[in-house]
Amino acid sequence: MTQAFRHHRLQHLASPIPTVSPTTDTSNTVTWTTVNGADDYIVYMSTATPVTTSDTAVNAGTGLSYVHSGLNAGDTWFYMVTPRNEVGAVDSIEVSTEIF
């Protein structure tokens with residue numbers, strides 16, 4: 001591995017900017033901005049705020065969206081997106097939406 005490549009791969013990550021919107025009456029779609037240097041993204045979710053890394057998590061791989069399905073009308077869900085690489089991870093701001 002060249003020094004330049006290694007340095008590029010070990011960069012610290014920026015925080016993504018997530019958004020969430022109801023997709024159907026039983027699902028939400030969470031999307032986020034690309035973070036340079038991210039190997040993958042973890043989406044944390046909870047019906048309580050604040051969302052933490054102890055809450056339910058899904059690895060979204062290198063994608064920029066996640067569809068959370070099987071939800072119930074009237075529930076409010078909170079989400080946080082965390083990009084990761086060899087250096088570590090950084091949490092996004094929290095976003096939420098209510099299922100109608």
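1. A residue is called buried when its relative accessible area is under 20%. Ala60 has a relative accessibility of 18%, so Ala60 counts as buried. The structure is a predicted model, and every point below should be read with that in mind.

2. Confidence comes before detail. The protein chain has a mean pLDDT of 89, and 90% of its residues reach 70 or more. The lowest confidence in the chain belongs to helix H1 (residues 3–9), with a mean of 46, and the highest to strand E4 (residues 56–59), at 98. Over residues 1–9 the pLDDT is below 50, and this stretch has four contacts in the model beyond near neighbours in sequence.

3. Strand E1 (residues 18–24) and strand E2 (residues 27–32) run antiparallel and are joined by six bridges. Two residues lie between E1 and E2 in this hairpin. Two pairings can be located by name: Ser21 has Thr29 in E2 as its bridge partner, and Pro22 stands opposite Asn28 in E2. As background, strands of a sheet pair through backbone hydrogen bonds, either parallel or antiparallel.

4. Which residues of the largest nonpolar core touch the most other members? They are Val30, Trp32, Val43, Met45, Trp77, Tyr79 and Val81, out of 16 residues in that core. At least two residues of this core come from each of E2, strand E3 (40–46) and strand E6 (76–84). There is also a second, separate core of five residues, which includes Tyr44, Val51, Phe78 and Met80.

5. Val30 can be followed in more detail. Not counting residues up to four places away in sequence, Val30 touches Thr19, Val20, Leu64, Ser65, Tyr66, Tyr79 and Val81. Of these contacts, Tyr79 and Val81 are also named above among the core residues that touch the most other members.

6. A search of the whole structure finds one aromatic pair. The pair is Trp32 with Tyr41, and it is tilted, with 5.6 Å centre to centre and 45° between the planes. Are its two members buried or exposed? Trp32 counts as buried because its relative accessibility is 5%. Tyr41 counts as buried because its relative accessibility is 4%.

7. Ala60, the residue of the opening point, is placed in the loop between E4 and strand E5 (65–69). Leaving aside neighbours within four places in sequence, Ala60 is in contact with Trp32, Tyr41, Val43 and Ser65. Both members of the aromatic pair, Trp32 and Tyr41, are therefore on the contact list of this buried residue. Ala60 and Tyr41 are 19 residues apart in sequence, yet 5.4 Å apart in space, C-alpha to C-alpha.

8. Thr97 lies in strand E7 (residues 95–98). Its relative accessible area is 11%, so Thr97 is buried. Not counting residues up to four places away in sequence, Thr97 touches Val20, Pro22, Asn28, Asp75, Thr76 and Trp77.

Methods. Residues are numbered from 1 along each chain as its sequence is written. This is a predicted model: local features need pLDDT of at least 70, side-chain atom pairs count only at pLDDT 80 or more; totals for chains, interfaces and linings use all residues. Side-chain values use heavy atoms; hydrogens and water are left out. Two strands pair if DSSP finds at least two bridges between them. Helices (H or I, at least four residues) and strands (E, at least two) are DSSP runs, numbered from the N terminus. pLDDT is the predictor's confidence in each residue, from 0 to 100. Contact means heavy atoms within 4.5 Å. A nonpolar core is a set of buried Ala, Val, Leu, Ile, Met, Phe, Trp, Tyr and Cys residues joined through side-chain atoms within 4.5 Å. Buried means under 20% relative accessible area, exposed over 50%, partly exposed in between (1.4 Å probe, protein chains only). Rings of Phe, Tyr and Trp (its six-membered ring) pair if their centres lie within 6.5 Å; planes under 30 degrees apart count as stacked, over 60 as edge-to-face and the rest as tilted.
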